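Thank you all for making time this morning.

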Amino acid sequence: MTDPQTPRADGPQVWVDADACPGVIKDILFRAAERAHVHVTLVANQWLRTPPSLYVRALQVSGGFDVADSEIVARVQPGDLVVTQDIPLAARVLERGGIAVNPRGERYTADTMAERLSMRNFMEELRGAGVQTGGPPTFHARDRQAFANQLDRWLAQRTPR
């Protein structure tokens with residue numbers, strides 16, 4: 001695979017905010033990379049194991065607040081797909097012309113971003129005040145299927161640049 005900093009002639013690629021991405025989602029992406037010959041780059045501040053592939057790469061960045069997010073934003077190009085649960089990262093990706101989807105298959109849009117950011121900030125304030133807000137719901141097979149469906153839609157629409 002080419003270095004993610006190298007200009008690409010083969011069209012949009014997938015960037016994964018990999019620190020919190022479920023393994024089953026990574027597996028779906030690995031299979032799609034081989035099937036569709038699309039480049040998938042996992043970005044994390046830890047070492048990640050990837051299958052041997054011309055299309056899959058792991059990019060380890062230094063630790064620190066939002067370092068992986070900033071790396072993705074710096075490299076994303078219009079039409080690229082970014083897989084993330086991080087709402088502020090998704091907002092930055094949309095601003096750059098990328099497409100953002102979470103591992104549960106929910107696509108982030110400009111129309112819903114203000115509401116999502118507002119809810120995220122509200123929940124953060126509650127946690128900061130000591131209110132127990134609980135964690136995310138359990139990841140189900142229907143979430144995996146919804147993600148696979150979103151990925152398939154993106155793959156079907158992608159065209160070479």
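Let me begin with a question: is D143 buried or exposed? D143 is buried, with a relative accessible area of 11%, where buried stands for under 20% relative accessible area, exposed for over 50%, and partly exposed for what lies in between, taken with a 1.4 Å probe and protein chains only.

Before the rest, a word on where these values come from. This is a predicted model, in which local features need pLDDT of at least 70 and side-chain atom pairs count only at pLDDT 80 or more, while totals for chains, interfaces and linings use all residues. Residues are numbered from 1 along each chain as its sequence is written, and side-chain values use heavy atoms, with hydrogens and water left out.

Now to the partner of D143, which is R104: the two form a salt bridge whose closest N and O atoms are 2.8 Å apart. By salt bridge I mean a side-chain nitrogen of Lys or Arg within 4 Å of a carboxyl oxygen of Asp or Glu. R104 sits in the loop between β5 (99-101) and β6 (107-108), whereas D143 belongs to helix α5, so the pair ties together parts that are 39 residues apart in sequence. Helices here are DSSP runs of H or I with at least four residues, strands are runs of E with at least two, and both are numbered from the N terminus. R104 is buried as well, at a relative accessible area of 18%.

How many salt bridges does a search of the whole structure find? It finds 3, and another of them joins the side chains of R35 and D152, at 3.2 Å from N to O. This pair links distant parts of the chain, since R35 is in helix α1 (residues 23-36) and D152 in helix α5 (residues 141-157), 117 residues apart. R35 counts as exposed at 54% relative accessibility, while D152 is partly exposed at 39%.

The remaining pair to describe is E71 with R75, a salt bridge in which the closest N and O atoms are 2.6 Å apart. Both residues lie in helix α2 (residues 67-75), and because they are 4 residues apart there, about one helical turn separates them. E71 is partly exposed, with a relative accessible area of 23%, whereas R75 counts as buried at 11% relative accessibility.
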